[in-house]
Amino acid sequence: MILSCKKEAEVSESADRDSVIITEQPIPKPSADSVDKRERDSVINNAPATKEVLRTGVAREEKDRVIVRLADGERLPFTIGEEFTEKQDKLILKIANFNKPKITAKIVAKQQDFNIRFNQIKLPDGKMDGPFMREITYDVPSSGEVWLIIGKNNMADGKTTGSFSVSVE
C-alpha cells in the first residue's frame, strides 16, 4: 500500500488489483479570471450596499432633524462618522454600559469653518451639562447610559452641513 500526506491527492482504485494507488496531482495555477482575496474584499467594500451601511451605520435612526446613534460603552475606544445635511442638525450619541470614571470625546471635521460642537452631555443620573467646544473630558460619577449631544453653536457662524467624526474614549 502506498500513501501520501498531501491534502490535494486523488485516490483511484485499480480494477484488476486489490490495492489503492494514490497519485499526486500538481496544484492548479489560478486562472486569469479568478479573483484573489484582496480584489474580492475591494469589490465588497466598494459595493453600494456596503457603503450605505458604513455611511448610515447599523444602530442609527433619523427623526425630524435629529440623528440618534447607539454605541456600547464596553467597546471603547471607538470612532463614528456622520454627516449633517439640510435635513439634520443634531446628533445624539447614546453610549450604553458606560462604566469608566471619565469620558473623553473629540469632534473632527475636515472643513475648518464647520459650526459644530458638543452642546450637552447627559449623565446616567439624568443630570445634563453644557455647552462645550469640539473636545470634552468629563467626570462620570456613576455607570449607565451617557448621551453626547452634538449640534451647531447658535452663537457662532460657519457651515452647518458636512461630514465629521466623533472619537470617544
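**Notes on the fold and its salt bridges**

1. Let's begin with the overall layout. The protein has two helices and twelve strands. Please keep in mind that this is a predicted model. Read from the N terminus, the order of elements is β-β-α-α-β-β-β-β-β-β-β-β-β-β.

2. Next come the totals. Of the 169 residues in the protein, 28% are buried. The exposed surface comes to about 12000 Å², and carbon and sulfur atoms supply 51% of that area. As for contacts in the protein between residues at least 6 apart in sequence, 60% of them join residues at least 24 apart.

3. Now to the charged pairs. Side chains of opposite charge can pair when their charged atoms come close. How many salt bridges does a search of the whole structure find? The search turns up five, and the points below go through some of them.

4. One of these pairs is Arg-60 with Glu-82, whose side chains form a salt bridge at 2.7 Å, N to O. Arg-60 sits in strand 3 (residues 60-63) and Glu-82 in strand 5 (residues 78-84), so this pair ties together parts that are 22 residues apart in sequence. Are these two residues buried or exposed? Both Arg-60 and Glu-82 are buried.

5. Arg-65 and Asp-89 also meet through their side chains in a salt bridge, at 2.2 Å from N to O. This pair links distant parts of the chain, 24 residues apart: Arg-65 is in the loop between strand 3 and strand 4 (66-72), while Asp-89 is in the loop between strand 5 and strand 6 (90-98). Why does Asp-89 count as buried? Its relative accessibility is 18%, and the cut-off for buried is under 20%.

6. Glu-82 comes up again with Arg-69: their side chains meet in a salt bridge at 2.8 Å, N to O. Since Arg-69 lies in strand 4 and Glu-82 in strand 5, the pair ties together parts that are 13 residues apart in sequence. Arg-69 is buried, with a relative accessible area of 10%, and Glu-82 counts as buried at 6% relative accessibility.

7. Finally, which residues do salt bridges with shared partners join into one network? They are Arg-60, Glu-62, Arg-69 and Glu-82.

Terms used
Residues numbered from 1 in each chain as written. Predicted model: local features only at pLDDT ≥ 70, side-chain atom pairs only at ≥ 80, totals over all residues. Heavy atoms only, no water. Salt bridge = Lys/Arg side-chain N within 4 Å of Asp/Glu carboxyl O. Helix = DSSP H or I, 4+ residues; strand = E, 2+ residues; numbered from the N terminus. Buried < 20%, exposed > 50% of the residue type's maximum accessible area, 1.4 Å probe, protein only. Contact = heavy atoms within 4.5 Å. Areas by Shrake-Rupley, 256 points an atom, 1.4 Å probe, with all protein chains shown as cover.
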